[in-house]
Amino acid sequence: MIQLKSRLNVIDNSGAIVAECIKVLRNAKWAEVGDEIVVSVKKARPISDKTAASQSAAKIRKGDVRRAVIVRTKKEIRRPDGRYVRFDDNACVLLNNQQQPLGSRILGLVSAELRFKNWVKVVSLAPRVV
Amino acid sequence: MLSRGIIGKRSSSLCSLLACRNNPSSGQRTAAASAAGALLARSHFLHTSSRTANSSQPFIVPEPQFEQPLIKPEEKRPNIMKVIEREAIARADVDGRSNLFIRRAAPKSRLCAGDVVFVETQNSMSDPLATTSFTGVCIAIYRRGIDTSFILRNVVQKVGVEMRFMAYSPLVKRIEILQKGEGFRRAKLFYLRENPGKTFQLKALKKMAQSAASAKKN
């Protein structure tokens, strides 16, 4: 149940650490796992010299506005077989305008809901899917 | 009339129950006789005059799974909903997992808050071999008859994950207690979310979970 002003942990290696939701890209107030949102980066890792020099690495600074997909929520998600899954935090992965992950790696586990919502690349990059 | 519909098919357990209420000795009756009794019992509740017009419409009498309703001998006026609940659990309880949820069972065989539990679930009814397993500490049990559920908590890759399983779901293949919990003095262990202590630092349990997972495959 992520809405305007919700803070999420960013769990890829794009450089952002904390992002704040500024828009839910659905005609709804809340976003769940697998929904796309627009975020503003609130905390980011300082850009190393290597990243500054590289052409392909994403340079995320504090204050950047990007799209993201929610991968974990603290609000329980209902699976069709009656199971409920809940994680201890809200987390997202930053995306570019073509809905591809900005970072090259995902650090941490993601929810299996992403598979059903066709986030194939994110699921394949994730080290663990629950 | 109604009779053409009912007699000739076995009466459902509900019909027999209604018959039982009126005639305590219905256990010795034949199926047809108890159906007639059920018809009499039903006529108390239904407006037969309106039904004669609809006699041509077929209605479905479900095949009973239990010959006699699951009424205990000491229950003189059984509560219908309790009997239905009992039958539903008996139908869903294929591997004896209802013994985990009986409050008065022996402490070793009962599922308590604080036990480490391994659950194996089928992902869909279409493929019985595609399974997912989850191990965790049971932090809550909701005993609601057929809707009994329990929550397992585990820390996976430094993130706490909680999963709530419906105990009698046909997709839940196996529920096993890997280790009984000790020293948990509550029924709901939600405090473990903030103060886990040493509860989730059990590396030996990872091995147990893996062996439990592979044991059934072999």
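This is a predicted model: local features need pLDDT of at least 70, side-chain atom pairs count only at pLDDT 80 or more; totals for chains, interfaces and linings use all residues.
## The interface by area

Buried area here is the accessible area (1.4 Å probe) that two parts lose on being put together, summed over both. Three residues, B:Q157, B:V159 and B:M163, supply 32% of the area that chain B buries against chain A, more than any other three residues.

Counting contacts (heavy atoms within 4.5 Å), 19 residues of chain B are in contact with 16 residues of chain A.

A word on bookkeeping: residues are numbered from 1 along each chain as its sequence is written, and chains are lettered from A and ligands numbered from 1 in the order in which they are written.

## Who touches whom

There are four residue pairs in polar contact between chain B and chain A, both residues at pLDDT 80 or more. A polar contact is a pair of N or O atoms within 3.5 Å; within protein, one must be able to donate a hydrogen and the other to accept it, and residues adjacent in sequence count only if both atoms are side-chain atoms.

On the side of chain B that touches chain A, β1 (116-122), β3 (149-156) and β4 (159-166) each supply at least two residues. β4(B) gives the most, with eight residues. Strands are DSSP runs (E, at least two residues), and helices likewise (H or I, at least four), numbered from the N terminus. Sorted by type, the residues on this side of chain B are nine nonpolar, six polar and four charged. The classes are Ala, Val, Leu, Ile, Met, Phe, Trp, Tyr, Cys and Pro for nonpolar, Asp, Glu, Lys and Arg for charged, and the others, Gly among them, for polar.

## A sheet across two chains

Strands pair if DSSP finds at least two bridges between them. Strand β6 (residues 84-87) of chain A runs antiparallel to β4(B), joined by four bridges, and A:Y84 stands opposite B:R164. On the chain A side, two bridges join β5(A) to β6(A), again antiparallel, with A:R78 opposite A:Y84.

Put together, this is an open sheet of seven strands with antiparallel pairing, in the order β5(A)-β6(A)-β4(B)-β3(B)-β2(B)-β1(B)-β5(B). β5 (77-78) of chain A and β5 (172-179) of chain B stand at the edges with a single partner strand each, so one side of each is left without a neighbour in the sheet.

## Salt bridges

A salt bridge puts a side-chain nitrogen of Lys or Arg within 4 Å of a carboxyl oxygen of Asp or Glu. B:R153 forms one with A:D88, closest N and O atoms 2.7 Å apart. B:R153 also meets B:E162 (2.9 Å, N to O), and both B:E162 and B:R153 are buried (under 20% relative accessible area; exposed is over 50%, partly exposed in between; 1.4 Å probe, protein chains only). Shared partners join A:K75, A:E76, A:R86, A:D88, B:R153, B:E162 and B:R193 into one network.

Elsewhere, B:D115 and B:K180 meet at 2.8 Å, N to O. B:D115 lies in the loop between α5 (80-92) and β1 of chain B and B:K180 in the loop between β5 and α6 (203-217), so the pair ties together parts that are 65 residues apart in sequence. B:D115 is buried at 1% relative accessibility, while B:K180 is partly exposed at 30%.

Conventions
Side-chain values use heavy atoms; hydrogens and water are left out.
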